[in-house]
Amino acid sequence: MAIIGLITDFGIQDEYVGLMKAVILGIDPDAVPVDLSHAVEPQNVVQAAFLLEASYRYFPPGSIHLIVVDPGVGTERAVLCLEANQQLFIAPDNGVLSLLMDPPGAVSSLRRVDNPALWRPRVSPTFHGRDIMAPAVAHLSKGMDARELGPELNPAEVRVLDDLHARRSGDGGIQGRIVHIDRFGNVITNIDLALLQLSKAFSPDRPPAIHLGGQRIVGVCRTYGDVEAGRPLALVGSRGYLEIAVRCGNAQRYFGVHQGDAVEVRPVG
Amino acid sequence: MAIIGLITDFGIQDEYVGLMKAVILGIDPDAVPVDLSHAVEPQNVVQAAFLLEASYRYFPPGSIHLIVVDPGVGTERAVLCLEANQQLFIAPDNGVLSLLMDPPGAVSSLRRVDNPALWRPRVSPTFHGRDIMAPAVAHLSKGMDARELGPELNPAEVRVLDDLHARRSGDGGIQGRIVHIDRFGNVITNIDLALLQLSKAFSPDRPPAIHLGGQRIVGVCRTYGDVEAGRPLALVGSRGYLEIAVRCGNAQRYFGVHQGDAVEVRPVG
Amino acid sequence: MAIIGLITDFGIQDEYVGLMKAVILGIDPDAVPVDLSHAVEPQNVVQAAFLLEASYRYFPPGSIHLIVVDPGVGTERAVLCLEANQQLFIAPDNGVLSLLMDPPGAVSSLRRVDNPALWRPRVSPTFHGRDIMAPAVAHLSKGMDARELGPELNPAEVRVLDDLHARRSGDGGIQGRIVHIDRFGNVITNIDLALLQLSKAFSPDRPPAIHLGGQRIVGVCRTYGDVEAGRPLALVGSRGYLEIAVRCGNAQRYFGVHQGDAVEVRPVG
């Protein structure tokens, strides 16, 4: 039996997530599904990729992740099974696994999920999560060898999104963007701690200034309590990426920003 | 132990669903609750009936379903235990089980749940889900014979909603309605695949035209990818019923329709 | 293994709740998490305190509750482990456990959770729920003695909120407030059944009148069905506290009230 992490854009008002769990438990009654989020913006593969990357490391070895953000459902796009970091990941071939395949050496194995013997008897062209992916997950949870899912693939054969990471700009600054805004209005970027630390442009004399929504914040705090209520701050959030928050407030509203918007870090000057 | 499917109109912001699970697990710690939906419109028995009908077949034999959409809670309405399709269904006697009792031969047994020895010590007049139904489910999950729940009922004694199905109209067309709109804005009707296939009014020369919200769509596609982004389509959805969708868009907004609205299928002409 | 009740203000659109479950299950794969609510208003400790008090008694002895409503995360506020009513409660020291420590004799033991050997290797200053509290819960679930969490505390050393309860006013009436509004718009107060029953100001001749939002309701009903559809009523709700509802309607909108607003009960006169 395995712990099964679930990420979808299904929401939870409909039966879709529950049906995937029912199919999994019908095959492996000892599987333990764990909802990570079903509130990915419909078809937002980038948001799901970062959510997965922030989450998988908290699961024990042997866990299986099912990621169903699948705008191409019913078309020719493949379903993948990636093994990396001692965990398994089942997802459509649309780039949602990109951050786990970087560097390419991180990939232990990669397969196409195309063995119809494992599918539900009738496959709906609009719900492969229930009829193809959930059974694959359940059989893996029950101990089936991943080789039974389908043929091995070369990582170069699958879709990888390559503009996910923040990048350094010419002046030693960093150009990133907003990849998620959480319930509290905290604004989560794709600027990771290593990138911040490695930049030699910043020093105690020239602290980083974070620019977003036409405003800026100077310096990076440790936690919300470092500023007064109602004041904005930048900090390295629980994902390990730069976040912008407002203590006891809502940074999304404070800065008037949206998912996908640019965030720049530049030396104060 | 059993897998327990849960359908309610409780939402999940309150403690109500969690309390039912706590009561179930306190009696049978090995039970495995699976949330199907708690977002049924308050007191919308028809929506819940279709959601259940679309879902139960994905659960393994021996599963138990608890459906708490219960506008009559605290009044004289009975609580039922239906056995059908090798699964058990606990719900108030308000018609929510209608689609499982059709044809009547589908019913293996039907009982009134009225054995106070199984209830919580204090029964709240406003929360029978927690105090009467959850304990019944848990005892069944633990292996108790359904006969201990209460006396057998004749299917004719319980409330059955008889206007649930779409029906054929005089000209060979079909008159149905919208029974659910999902997170993506997909519009799900009560027109099932069999009804579509059986109608001799449609042919390659006279494909069906689906009318809703003052507009129409001609023909039935296989999957979203059959049309271009932003375009509407009709297809047989994952429930096995006619759905109207907009690829990468929202059909509810496109057509300006709501749950309960009429949908007609007529030969093009 | 234990049943783990979860109350947070995290919402469920983000990965936060799922990560706490992953951490718990990574340590104790047999633990059974039960979501009570993740929709506490951000940082609303009073709402969470009442939600917990209404819920814990439905869990079996030996259950563990994790309550993460934690405006002070990352500051010097302690994390607590309370043993009361044969259950364990892990929460920040901010008053959220107040209703369980009243009377003080209800407390079996109280500890500070400060043993870093149990924490995640890296503790995020903004997510102690995942990195400190979830591991503590999991080790308890696995059978670890609570004494290993940290030193005993005197109840007088921790934060207790003392304006939670409704109180009697001079004329024999009761002054309370709204502590929760549920999905149905039912308005839940902090006026408990005992307080209502004990007041000698009320009698069949002088029934209680409930005042809220500039309007009033006379008398206390048993269940929703006691009035006609669309009519307001007061009743003792499933929590055991006075609730105001509108049958087949929404009391919040009917009375135009909000969480925190005053509710008074006075003899009709």
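**Entry 1: a proline in a loop**

In which loop of chain A is A:Pro103 found? I began there, keeping in mind that this is a predicted model. I traced A:Pro103 to the loop between β5 (87-92) and β6 (107-112) of chain A. Then I looked at the peptide bond that joins A:Asp102 and A:Pro103, and I noted it as cis, with omega about 0 degrees.

I turned to chain B for the bond from B:Asp102 to B:Pro103. I logged that one as cis too, with omega near 0 degrees. B:Pro103 sits in the loop between β5 and β6 of chain B.

While I was on backbone angles, I stopped at A:Asn85. Its phi is near 55 degrees, which is positive although the residue is not glycine. I placed A:Asn85 in the loop between β4 (79-84) and β5 of chain A.

**Entry 2: where chain A meets chain B**

Next I opened up the contact between chain A and chain B. I counted 32 residues from chain A and 31 residues from chain B in it. The two chains bury about 2,500 Å² between them, and 58% of that lies on carbon and sulfur atoms. Which residues of chain A lose the most area to chain B? They are A:Gln13, A:Glu15 and A:Thr126, and together they account for 22% of what the chain A side buries.

A:Glu15 came up again when I looked for charged pairs. The interface of chain A and chain B has 1 salt bridge. I found A:Glu15 paired with B:Arg239 in a salt bridge, with the closest N and O atoms 2.7 Å apart.

I then asked which elements the chain A side draws on. α1 (16-27) and α3 (128-141) of chain A each supply at least two residues of the side that touches chain B. The largest share, 8 residues, comes from α1(A). Sorted by class, that side of chain A has 14 nonpolar, 10 polar and 8 charged residues.

**Entry 3: where chain C meets chain A**

I moved on to the contact between chain C and chain A, which takes 32 residues from chain C and 31 residues from chain A. I wrote down a buried area of about 2,500 Å², with 58% from carbon and sulfur atoms. C:Gln13, C:Glu15 and C:Thr126 supply 22% of what chain C buries against chain A, more than any other three residues.

I checked the charges here as well, and there is 1 salt bridge across the interface of chain C and chain A. C:Glu15 makes a salt bridge with A:Arg239, and their closest N and O atoms are 2.7 Å apart. I also noted 12 residue pairs in polar contact between chain C and chain A, both at pLDDT 80 or more. On the chain C side, α1 and α3 (128-141) of chain C are the elements that give two or more residues. α1(C) provides the largest share, 8 residues.

**Entry 4: the sheet of chain C**

I followed the strands of chain C next. Its 6 strands form an open sheet in the order β2-β1-β3-β5-β4-β6, with mixed pairing. β2 (32-37) and β6 (107-112) of chain C are the edge strands, each pairing on one side only. Neighbouring strands in this sheet are turned by 20 degrees on average, direction ignored.

I zoomed in on β4 (79-84) and β5 (87-92) of chain C, which pair in the antiparallel sense over 6 bridges. Within that pairing, C:Glu83 stands opposite C:Leu88 in β5(C).

What packs on this sheet? Helix α1 (16-27) of chain B does, touching β1 (3-8) and β2 of chain C, and its direction makes about 150 degrees with that of β2(C). Helix α1 (16-27) of chain C packs on the sheet as well, touching β1, β2 and β3 (64-68) of chain C at about 155 degrees to the direction of β1(C).

**Entry 5: the sheet of chain B**

In chain B, β4 (79-84) and β5 (87-92) run antiparallel and are joined by 6 bridges. I picked out B:Leu82, whose bridge partner in β5(B) is B:Phe89.

How values were computed. Residues are numbered from 1 along each chain as its sequence is written. Chains are lettered from A and ligands numbered from 1 in the order in which they are written. This is a predicted model: local features need pLDDT of at least 70, side-chain atom pairs count only at pLDDT 80 or more; totals for chains, interfaces and linings use all residues. Side-chain values use heavy atoms; hydrogens and water are left out. Contact means heavy atoms within 4.5 Å. Buried area is the accessible area (1.4 Å probe) that two parts lose on being put together, summed over both. A salt bridge is a side-chain nitrogen of Lys or Arg within 4 Å of a carboxyl oxygen of Asp or Glu. Helices (H or I, at least four residues) and strands (E, at least two) are DSSP runs, numbered from the N terminus. Ala, Val, Leu, Ile, Met, Phe, Trp, Tyr, Cys and Pro count as nonpolar, Asp, Glu, Lys and Arg as charged, and the others, Gly among them, as polar. Two strands pair if DSSP finds at least two bridges between them. Axes are lines fitted to C-alpha atoms, for helices over the stretch in contact, and angles run from 0 to 180 degrees between N-to-C directions. A polar contact is a pair of N or O atoms within 3.5 Å; within protein, one must be able to donate a hydrogen and the other to accept it, and residues adjacent in sequence count only if both atoms are side-chain atoms.
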